[in-house]
Amino acid sequence: MEFKDFPLKDEIKEALLRRGITAPTPIQAAALPLALEGKDLIGQARTGTGKTLAFALPIAQGLEASKERGRLPRALVLTPTRELALQVSGELQAVAPHLKVVTVYGGTGYGKQKEELTRGCDVVVATPGRALDYLRQGVLDLSRVQIAVLDEADEMLSMGFEEEVEAILSATPKERQTLLFSATLPSWARKLAERYMKSPVVINVVREEGITYQEEAIPAPNDRLSLLSDILFVKAPKRAIVFTRTKAETEEVATGLLRLGHPARAIHGDLSQTDRERVMRAFREGEVRVLVATDVAARGLDIPEVDLVVHYRFPDKPETYQHRSGRTGRAGRPRPWPPEPL
């Protein structure tokens with residue numbers, strides 16, 4: 001089945017075709033028919049398998065264009081990080097040019113976002129903390145929301161957003177459609193489903209996706225940095241992400257790699273939004289080829305060209321390892337080289 005076979009508006013199909021998107025990924029094929037019918041659903045799929053389109057298309061299909069000034073949002077998407085919020089907004093704007101999308105996230109001033117919300121919009125894509133701020137200020141009114149989406153629910157849990165998410169969902173109409181997507185399904189996600197969803201259909205395509213990458217475990221010597229440098233020279237990836245545990249170590253590793261001849265930069269939570277965007281722009285454009293990141297900083301990053309993931313330090317949880325390795329082979333693309341545990 002291809003996208004042309006789904007009950008989507010012609011302009012949506014044309015937008016997909018212009019981007020060379022013709023066939024759905026497993027999560028899209030399973031979720032779209034149900035979501036387009038208005039059903040609540042829980043979609044379980046790994047990071048990078050096309051979950052965004054699985055909810056962006058129902059929003060694009062379900063909401064008609066409006067020019068009413070000061071209109072209240074009819075769709076809400078909650079994401080764990082500002083990077084993911086920006087990515088989702090871009091995807092929505094690409095498939096739904098008839099809708100006004102406002103992105104709301106922390107780490108930047110309130111003025112511009114507040115002004116955009118006041119002016120009126122159709123879709124709000126937000127991180128939970130900033131969304132709740134605007135909700136309490138009376139700037140964000142969710143009383144007209146028809147579709148609510150929780151993207152990367154397990155990541156929102158691990159970042160401590162449980163209370164914010166529940167407060168925000170409580171401010172939306174009970175008759176709304178709710179779509180929840182997650183790589184894993186912690187007990188909190190199940191409780192959310194019981195409290196805020198109407199007989200949700202559970203879709204799990206993790207087994208169908210399979211593991212399409214290889215892994216190599218390399219014993220780490222005392223001098224990890226030299227080994228990492230050797231791996232980067234031997235594998236010569238176009239773009240690589242190196243995961244460490246602490247902000248300080250991201251800077252140490254990135255500085256060390258620069259000294260050894262690798263165009264590397266660190267990304268972590270202490271960077272300003274402007275600096276984070278500058279680093280990501282350089283990474284996408286190939287000026288920076290190695291991104292050294294903490295797990296928190298990397299959540300929500302969507303870099304299709306990544307072909308090497310290095311676990312410089314192992315994470316505490318298996319789920320985090322899965323999310324890290326999911327940074328390669330985005331949405332059906334091949335994974336040309338394995339993640340390399342050090």
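User: How many bridges join β2 to β4?

Analyst: A word on the model before that: it is predicted, so local features need pLDDT of at least 70 and side-chain atom pairs count only at pLDDT 80 or more, while totals for chains, interfaces and linings use all residues. Residues are numbered from 1 along each chain as its sequence is written, and side-chain values use heavy atoms, with hydrogens and water left out. Helices (H or I, at least four residues) and strands (E, at least two) are DSSP runs, numbered from the N terminus, and two strands pair if DSSP finds at least two bridges between them. Here, β2 and β4 run parallel and are joined by 4 bridges. Leu-76 stands opposite Val-124 in β4.

User: Which strand pairs with β4 in the parallel sense over 4 bridges, with residues 101-104?

Analyst: That is β3. Its Thr-103 has Val-125 of β4 as bridge partner. From β3 the chain passes through helix α5 (residues 111-119) to β4, a right-handed β-α-β crossover; right-handed means that, with the strands pointing away from the viewer, the path from the first strand over the helix to the second runs clockwise.

User: Which way do the side chains of β4 point?

Analyst: In a regular strand the side chains alternate between the two faces of the sheet. In β4, Val-123 and Val-125 point one way, Val-124 and Ala-126 the other way, and all are buried. Buried means under 20% relative accessible area, exposed over 50%, partly exposed in between (1.4 Å probe, protein chains only).

User: Which residues of α1 are buried?

Analyst: An α-helix has 3.6 residues a turn, so residues three or four places apart point the same way. In α1, the buried residues are Ile-12, Ala-15 and Leu-16. They lie on the same side of α1 because they cover an arc of only 100 degrees around the axis, taken from the directions from the helix axis to the C-beta atoms. They pack against α3 and α4. Asp-10, Leu-17 and Arg-18 are exposed on the face turned away.

User: Which members of the largest nonpolar core touch the most others?

Analyst: A nonpolar core is a set of buried Ala, Val, Leu, Ile, Met, Phe, Trp, Tyr and Cys residues joined through side-chain atoms within 4.5 Å. Among its 38 residues, Leu-57, Ile-59, Leu-92, Val-123 and Phe-181 touch the most other members. The element giving the most is α3, with 7 residues.

Technical notes:
Contact = heavy atoms within 4.5 Å.
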